[in-house]
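Reader: Please take a close look at one part of this model, the sheet and the nonpolar packing around it. I would like one connected account.

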Amino acid sequence: MVRRVVVALLAPVAWSPPGVELMRWRTALAEDVVDLLATLAEVETALVVTPADRWLADAVRWPDTPVYEVPEPTVNATLAALDGYDQAAVVAADAPDLPGLTLGKLLRPLTSRPVAVAPVEGGPGLLGVACRLPVPAWLPALDLDVAGPADLRRAASAPADVAVTPGWHRLRGPADLAALDPAVEGWEATRALLTGQRT
């Protein structure tokens, strides 16, 4: 039985909508992503934070969700902290309306490829990275805010080792709010903070 884990990387956020305090915004985004992970089937879930941000993980985690502390909030540090899994996906925590199906598609290629990535719609950056464990030796240092599929394919033993799966948007600036679909279920915490922002 293949043991899979999907990890929410609770990295700092640099922006919040006008009138919304940054820590409240960050907490709402994290809460919605954590609630999404809790609905996933056939995978385990976990959270990753730096020691300074342990408060955030404790504020949003479900009682049985493990929390890993890493020295820096990166994909590589996250993958290095995991133990006992065959496959892992690391996902940015600023995509509150992310469909669970998108995460499933991120993991699916690992049956035949060592690494898969989901780009940010409209770029730059990645929504998430999935790989078989142990981590391939060629995997470069990754920053989800700027890395793209081409960076991984250049580093890979063969470009075909990296699968590119459907992407999704992240909330990193004012223009990204327009991508949110109020008709989509979920993302209640983020939605509640934005209620006063929408007309």
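Author: E1 and E4 are paired in the parallel sense, over six bridges. Within this pairing, Val6 has Ala89 of E4 as its bridge partner. The model is a predicted one.

The two strands belong to an open sheet of seven strands, which runs in the order E3-E2-E1-E4-E6-E5-E7 with mixed pairing. Strand E3 (67-69) and strand E7 (162-164) are its edges, each pairing on one side only. On average, neighbouring strands of the sheet are turned by 20° against each other, direction ignored.

The largest nonpolar core has 31 residues, and Val6 is listed with Leu10, Leu47, Leu98 and Leu103 as having the most contacts inside it. At least two residues of this core come from each of the strands E1 (4-9), E2 (44-49), E4 (87-92), E5 (115-119) and E6 (126-132), and at least two from each of the helices H1 (22-37), H2 (54-60) and H4 (100-107). H1 gives the largest share, five residues.

With its neighbours within four places in sequence left aside, Leu98 is in contact with Leu36, Val91, Leu103, Leu127 and Trp168. Of these partners, Leu103 is itself named among the core residues with the most contacts.

Key:
Residues numbered from 1 in each chain as written. Predicted model: local features only at pLDDT ≥ 70, side-chain atom pairs only at ≥ 80, totals over all residues. Heavy atoms only, no water. Core = buried A, V, L, I, M, F, W, Y, C linked by side-chain atoms within 4.5 Å. Buried < 20%, exposed > 50% of the residue type's maximum accessible area, 1.4 Å probe, protein only. Helix = DSSP H or I, 4+ residues; strand = E, 2+ residues; numbered from the N terminus. Contact = heavy atoms within 4.5 Å. Pairing = 2+ DSSP bridges. Axes fitted to C-alpha atoms, helices over the stretch in contact; angles between N-to-C directions.
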